[in-house]
Amino acid sequence: LNSPPGTRVIISEPMWSLVEEAGKIVGARVIRVRESKYDLVRVARRSGFHLIATSGNEVIFADFSPSPDGMLAALKLVELLAKSQQELSSLRDSLPDFQLLRRAVELRGASYLSVLRALAREVQDAVVTITGLRVRVGNTWINVEAKPDRLELTCESSEGSEEALEKLEKRIAALAKDAAKAEQYMQ
């Protein structure tokens, strides 16, 4: 939101639409790229884009480095806040409204790692994030966040997202049941 008008941003396909909405507010040019972070960097360099963000929680400042750098991202955030003399909470409050759907699937004795691995093997589009996976069900990208005893599912509220969320919830419950049986058998 503190970027100057005309800032060019590349995001990976699974990113929340919030990035595009925030880009509209400040007049940034935001485009989505379907491929890997290396493809995003290649597109950015070829077309002169400044910022790259992936749904895997990576931020790349193409002007400085072709690779993600968490420390640089934190410093850039502090720099933007200092320049605007705003607190992070006020900047966050100024973001556009963003409706999410949420569900939780209890693992009932299954390891979240075994369930996530099984899910990643069977879905066609899956992106590893810091806290789990981001998977596509139909046209809906769903965040699957691992907790010790459950997986939390979150997606944008849009046409078809409720059905996609329900479908994934049922599939994860079945995977958890299978994983719990396998883990019990191994003991």
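## T129 and its surroundings

Leaving aside the neighbours of T129 within four places in sequence, this residue is in contact with S55, G56, N57, R134 and N143, where contact means heavy atoms within 4.5 Å. T129 has its place in the loop between β6 (126-128) and β7 (132-137), the helices (H or I, at least four residues) and strands (E, at least two) being DSSP runs numbered from the N terminus. With a relative accessible area of 10%, T129 is buried; the word buried stands for under 20% relative accessible area, exposed for over 50%, and partly exposed for what lies in between, with a 1.4 Å probe and protein chains only.

The model is predicted, and local features need pLDDT of at least 70, side-chain atom pairs count only at pLDDT 80 or more, while totals for chains, interfaces and linings use all residues. Residues are numbered from 1 along each chain as its sequence is written, and side-chain values use heavy atoms, with hydrogens and water left out.

## The hairpins around β7

Strands β6 and β7 form a hairpin with three residues between them, and they pair in the antiparallel sense over three bridges, pairing being assigned if DSSP finds at least two bridges between two strands. Within this pairing, A126 has V135 of β7 as its bridge partner. On the way to the next strand, β7 and β8 form a further hairpin, with two residues between them, and G138 in that turn has a positive phi of about 65°.

The pairing of β7 with strand β8 (residues 140-146) is likewise antiparallel and runs over six bridges, with L133 standing opposite V144 in β8. Six of the six residues of β7 are buried, so this strand is largely enclosed by the rest of the structure.

## An open sheet of four strands

Another part of the structure is an open sheet of four strands, in the order β2-β1-β3-β4 and with mixed pairing. Its edge strands, each pairing on one side only, are β2 (29-33) and β4 (59-61), and the twist averages 20° from one strand to the next. In this sheet, strand β1 (residues 8-12) and strand β3 (residues 51-53) pair in the parallel sense over three bridges, and I10 stands opposite I52 in β3.

## Helix α1 and its buried side

Helix α1 (residues 18-26) lies across β1 and β2, running at about 160° to β2; for such angles, axes are lines fitted to C-alpha atoms, for helices over the stretch in contact, and the values run from 0 to 180 degrees between N-to-C directions. In α1, the residues L18, A22, G23 and V26 are buried. They cover an arc of only 140° around the axis, which puts them on the same side of α1, the arc being that of the directions from the helix axis to the C-beta atoms. An α-helix has 3.6 residues a turn, so residues three or four places apart point the same way.

The buried residues of α1 pack against β2. The helix is followed by G27, whose phi is positive, near 80°.

R108 has its place in the loop between β5 (100-106) and α5 (112-122), and its phi is near 45°, a positive value in a residue other than glycine. At 71% relative accessibility, R108 counts as exposed.

Helix α5 itself holds A118, which is buried, with a relative accessible area of 15%. The C-alpha atoms of A118 and A176 are separated by 9.2 Å, although these residues are 58 residues apart along the chain.

## A charge over a ring

R134, one of the contacts of T129, lies over the face of W16, at 4.1 Å from the ring centre; a charge sits over a ring if NZ of Lys or CZ of Arg is within 6 Å of the ring centre and within 35 degrees of the ring normal.

## The protein as a whole

The protein has six helices and nine strands, and along its principal axes the C-alpha trace spans about 55 × 30 × 30 Å. Of its 187 residues, 35% count as buried. Among contacts between residues at least 6 apart in sequence, 53% join residues at least 24 apart.
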